[in-house]
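This report describes one protein chain, from its overall form to a few single residues. Please look at the sequence and the model before reading on.

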Amino acid sequence: MRRVAPRLLGLLLASMSTAYCGGDGDGEGSFRTVARGFRLLQVDEGKHVLLSVRADGTFAQALPSGEPVRIAGMADGADLTADGQTAVLWSAWGNGERTVWLWRSGMPEAAVLSQQARGEVLHDAAQSYVAFLERDGVGTTSVRVARTASCTPGDCVLQTLLQVQGGTPVLERAGPLLSLMDGNHRWIIEASSGAVTDLGELPGPSFLSPSGNRYGWVEEARVRLFDLATGAQVWDQAYPHRGYQDWKVTRSFMFDEERVFVVASGVLDGAPAGVPADGFLDLCGDQGCGRLVSRYRCSPFELAGRPAVGCSPNLCIEIRCDLPGDKVLDGDGKLLYETKERGTVLGPFYSEGRADVVRIRGGDGQLPWLEWKHEGLLWRLDLEAPAPTAPILFLPDRGRVLFHQPARQEDGTVENHLWTWDRFKRVDVGSLDGAPGPRSLMRDHPPALYLDVDTANANGSSTPAVVRVGLRGK
């Protein structure tokens, strides 16, 4: 799935040259290099384990003072349990497939679950299971599940819960359930037991609620929602599609138990031959269906821990035209922002849960300012320097925002500084040595920032490192 929301920028920063020898209680503005020569991959919520990568593989180390130990090949992503005891890792795509690993604390190396996994890698919060698709040479797609409690290096038995022939199946997770879709055919799988329920070939593109308790489908002119356990219909609504030819529903999805988002496309009746189809987004509930967006292509994604919909404009078919920006809607279908907001230099950036939002604002000939919005109220911090760059993110208490901004010294040199702002005062966390890298993570109890940094060498090359920045708790 293509993520159409604005590319949420990763954090920056730089490292002091000291080795990490302190505890997690280091105070405000303490900079510690925790892994030199590595890129950040993941840190668990409790800050017990750091996962990092370099060209020769993926490494794990105990925090605060452990040494990196290679556990797997080069991973592209990873999920750690909150206590850092278990991790699911996956490689980048190669010919439509990737490798999936399982690692537990104490394992000398991660167990290889698959070297030919397809689609999303799914698991529950405790990582009691890992599920994915595999496809063999004759076109049979299998739903494969590993029960992680019994996995050891080199010995992790996979169960095959379901197989389908041909098609382009998609595996989803909804609460305690897994669901496989192949066209309009849908199966429900109990992740704990492996029991499979075949819902059959449904009349149109189907959807499943986040809990897995409700499902339904979109027919040509109707949207229907059902209770999965009883089969009872919850509601049935007319879908607005008249006035268009070649009308087609491309996908449907739910963010709650009551409403259904429907993505469709069609060509306006009477349009000249060759005109491409327009994209549409509707929201349907027990009161009917309503159009949210026209002339955009939309997909669901997660923004600051909550569901959202990102919409990109249709391609321009005129000789000269100015495309509008992407739109981002919240889980209720209301506009959050557009990427070409007038006067926005960078952002917006949201707190977890999206109760707060900050932007860098400015215009031609103006010095930028930082704008913070909360419950309709605005706060402004004028900046006596060029616009900040990423990272711009909220601390876990959401009472402060952290940002990076260069500062020119009296001798003309430029130093990278990290700052915090609580809407009333700005605090210089410290001067950084190096250039921001591609990734960063904020963790709590007490607050600490982990991030990539590129440190310049005398010969003009640079060395990556993972750095920890201690921050004051409230």
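## Overall form

Along its principal axes, the C-alpha trace spans about 70 × 60 × 40 Å.

The model is predicted: local features need pLDDT of at least 70 and side-chain atom pairs count only at pLDDT 80 or more, while totals for chains, interfaces and linings use all residues. Residues are numbered from 1 along each chain as its sequence is written, and side-chain values use heavy atoms, leaving out hydrogens and water.

## Strands and burial

The chain contains 39 strands and zero helices. Both are DSSP runs numbered from the N terminus: helices are H or I with at least four residues, strands are E with at least two.

Of the 474 residues, 51% count as buried. Buried means under 20% relative accessible area, exposed means over 50%, and partly exposed lies in between (1.4 Å probe, protein chains only).

## Histidine 185

Histidine 185 lies in strand β15, which covers residues 185-190. Its relative accessibility is 17%, so it counts as buried. The side chains of histidine 185 and aspartate 198 are joined by a polar contact of 2.7 Å. A polar contact is a pair of N or O atoms within 3.5 Å; within protein, one must be able to donate a hydrogen and the other to accept it, and residues adjacent in sequence count only if both atoms are side-chain atoms.

## Arginine 423

Arginine 423 sits in the loop between β35 (414-421) and β36 (426-432). This arginine is partly exposed, because its relative accessible area is 22%. Leaving out residues up to four places away in sequence, arginine 423 touches Trp372, His374 and Trp379, where contact means heavy atoms within 4.5 Å.

## Backbone exceptions

Most residues other than glycine have a negative phi, and most peptide bonds are trans. Lysine 47, however, has a positive phi near 60°. Lysine 47 is in the loop between β2 (39-43) and β3 (49-54), and at 4% relative accessibility it is buried. Asparagine 95 also has a positive phi, of about 55°, but asparagine 95 is exposed at 80% relative accessible area.

The peptide bond from leucine 63 to proline 64 is cis, with omega near 15°. Another cis bond joins alanine 390 and proline 391. Proline 64 is in the loop between β4 (57-62) and β5 (69-72), whereas proline 391 is in strand β33 (residues 389-394).
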